[in-house]
Amino acid sequence: MSNPPAKRLKTSDFLSTIAEQRKETANNILEFKFNKKRVRVLTESDEVVPKSKGILYWMFRDPRIQDNWSFLFAQKLALKNKLPLHVCYCILPKFLDATLRHYKFLLESLQEVDKDCRELNINFHLLLGEPHDVVVDIVKKYKIGGLVVDFFPLRKPRFWLSEIQKRIPKDVPVCQIDSHNIVPCWVTSDKLEYAARTIRNKINSKLPEFLTEFPPVIRHPYTTDQKLDKNEWDTALDHVLIDRSVDKVSWAKAGHRGGMAELENFLNKRLKLYHSKRNDPTADALSNLSPWFHFGQISVQRSILEAVKLKSKYKESVEAFCEEAIVRRELSDNFCYYNENYDNIEGAYDWAKKTLEEHSKDKREYIYTKEELEQGLTHDDLWNAAEIQLVKEGKIHGFLRMYWAKKILEWTKTPQEALEWSIYLNDKYSMDGRDPNGYVGCMWSICGIHDQGWRERPVFGKIRYMNYQGCCRKFDVKEFVRKYGAKVHNKKSSVFKKK
């Protein structure tokens with residue numbers, strides 16, 4: 001479950017070993033054969049501007065230094081052209097339904113990035129504002145000769161990138177690298193994939209080419225002669241327009257080192273249970289890595305490289321982890337990249353839209369308001385326990401997140417309302433909200449994405465059904481409910497509204 005182990009393992013040896021692996025791979029990125037398929041040049045210009053003053057990496061989806069192809073490519077350009085290297089991150093006034101919980105986790109990790117950049121003679125800029133304004137400003141201010149950007153398939157980041165391309169000087173090339181996926185999204189497939197079975201071989205067949213060790217980001221030999229603005233860490237969150245009532249969680253330590261500590265714990269203590277126990281919410285068998293994966297603070301590719309070393313001991317668990325962390329996760333990116341309606345009913349398959357429409361007026365035994373759901377005030381103590389876990393810990397156990405979303409479909413007036421509210425609650429509270437995995441999780445549960453039609457029933461139509469009794473057959477429901485102090489709220493209470 002999401003509570004931390006009582007005692008964390010020291011990561012110094014773990015991190016040192018990985019650092020040595022990078023050095024054994026290559027001394028630096030110039031000595032490494034960089035796979036050009038990882039890069040897309042988004043502009044007509046593809047040469048660094050002559051007599052420019054630096055290379056800029058706009059870091060957004062993957063704010064870490066090591067095990068980051070975007071960072072490595074930016075350093076490659078800077079070294080090749082003998083230029084200073086700049087990195088920037090934009091603190092947004094608002095990003096979807098992110099709260100103080102998410103902003104604090106992000107800001108703490110960026111302070112670690114800033115410190116590590118200074119030790120490597122790399123210039124880190126904390127920017128406050130919309131990227132299409134402040135990134136453009138920094139490109140012009142520091143006479144940047146080439147811009148490197150992360151890949152993020154959601155609409156808002158794609159809009160920012162489009163606007164940046166329009167506003168920066170025409171001779172500045174923009175290069176995009178997918179550092180989040182092992183196989184770049186556009187390399188895996190050039191179309192929307194129907195399900196895991198249609199994308200699995202497309203990914204796995206390319207892993208020998210892309211699942212490689214990383215070279216190190218090194219201390220940068222070229223120093224800027226320009227005066228840099230001071231990063232205002234203490235006031236960075238003063239003017240953001242976010243919900244401040246949802247504060248940070250205690251179990252997840254922000255930053256690369258915190259994520260690597262969790263990875264080491266998983267490999268040493270929980271991986272052996274992953275195959276047999278990961279669907280049991282009362283067992284401590286999950287990786288717990290989703291916050292660091294979502295925020296890009298550790299590399300999925302690094303996690304897989306370390307996990308496969310244990311395949312001879314835990315073959316089934318390693319294979320299951322690879323399926324979830326590679327195939328299922330990259331399938332979510334594919335869905336959001338190639339389906340503009342990744343977060344609404346219009347993005348569902350035709351069969352699902354038809355069956356949901358046909359059953360949209362079916363009688364619901366219970367109808368809840370968004371506020372009642374948010375407070376866990378339902379007749380279902382298991383659902384209430386999952387909601388309490390989400391609000392307090394910033395996550396729901398993976399198996400229960402499916403049950404949680406499907407019950408929202410059952411207890412709301414329309415499928416549209418169910419999808420909207422499930423995304424709202426997930427984005428507001430979950431540490432990995434506002435993510436392709438989250439959107440696909442809600443769309444799978446409510447709209448049948450990447451699934452098939454099942455036996456028709458009221459409300460759900462042909463969407464896969466889950467119920468309380470089924471959960472009782474899989475794990476000790478009473479133990480999970482007891483852990484979170486959840487209660488059954490009386491049917492006769494005013495919070496229950498029968499349609």
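This is a predicted model: local features need pLDDT of at least 70, side-chain atom pairs count only at pLDDT 80 or more; totals for chains, interfaces and linings use all residues.

Q: What is the strand order of the open sheet of six strands?
A: Strands here are DSSP runs of E with at least two residues, helices are runs of H or I with at least four, and both are numbered from the N terminus. Two strands pair if DSSP finds at least two bridges between them. The pairing in this open sheet is mixed, and the order is β1-β6-β5-β2-β3-β4.

Q: Which are the edge strands?
A: An edge strand of this sheet pairs on one side only. Neighbouring strands are turned by 25° against each other on average, direction ignored. The edge strands are β1 (39–41) and β4 (123–128).

Q: Which residue in β4 does His86 stand opposite?
A: Strand β3 (residues 85–91) pairs with β4 in the parallel sense, over six bridges. β3 also pairs with β2 in the parallel sense, over four bridges, and there His86 is the bridge partner of Leu56. In β4, His86 stands opposite Asn123.

Q: Which residue in β6 is the bridge partner of Asp150?
A: Strand β5 (residues 144–150) pairs with strand β2 (residues 54–58) in the parallel sense over five bridges, and Val149 in β5 is the bridge partner of Trp58. β5 also pairs with strand β6 (residues 174–177), in the parallel sense over four bridges. The partner of Asp150 in β6 is Ile177.

Q: How many residues of β2 are buried?
A: Buried means under 20% relative accessible area, exposed means over 50%, and partly exposed lies in between, with a 1.4 Å probe and protein chains only. In β5, seven of seven residues are buried. From β2, Gly54, Leu56 and Trp58 point one way and Ile55 and Tyr57 the other way, and all are buried. For β2 the count is five of five.

Q: At what angle do the axes of α16 and α17 cross?
A: Axes are lines fitted to C-alpha atoms, for helices over the stretch in contact, and angles run from 0 to 180 degrees between N-to-C directions. The axes of helix α16 (residues 398–410) and helix α17 (residues 415–429) come within 8 Å and cross at roughly 140°. That makes α16 oblique to α17, since angles under 35 degrees count as roughly parallel, over 145 as roughly antiparallel, 65 to 115 as roughly perpendicular and the rest as oblique. The angle asked for is roughly 140°.

Q: How do the residues in the contact of α16 with α17 divide?
A: Contact means heavy atoms within 4.5 Å. Arg401, Trp404, Ile408 and Leu409 of α16 meet Pro415, Ala418, Ser422, Leu425 and Asn426 of α17. Ala, Val, Leu, Ile, Met, Phe, Trp, Tyr, Cys and Pro count as nonpolar, Asp, Glu, Lys and Arg as charged, and the others, Gly among them, as polar. The division is six nonpolar, two polar and one charged.

Q: Is α17 oblique or roughly antiparallel to α18?
A: The axes of α17 and helix α18 (residues 436–447) come within 10 Å and cross at roughly 150°. That makes α17, relative to α18, roughly antiparallel.

Q: Which residues does Ala386 touch, not counting residues up to four places away in sequence?
A: Ala386 is in helix α15 (residues 381–393). Ala386 is buried, because its relative accessible area is 1%. The residues touched are Ile396, Leu400, Trp404 and Phe480.

Q: What separates the C-alpha atoms of Gly296 and Met59?
A: Gly296 lies in the loop between α10 (290–294) and α11 (300–307) and counts as buried, because its relative accessibility is 0%. Leaving aside neighbours within four places in sequence, Gly296 is in contact with Arg61, Asp62, Pro63, Arg64 and His180. Gly296 and Met59 are 237 residues apart along the chain, and their C-alpha atoms are separated by 9.9 Å.

Methods
Residues are numbered from 1 along each chain as its sequence is written. Side-chain values use heavy atoms; hydrogens and water are left out.
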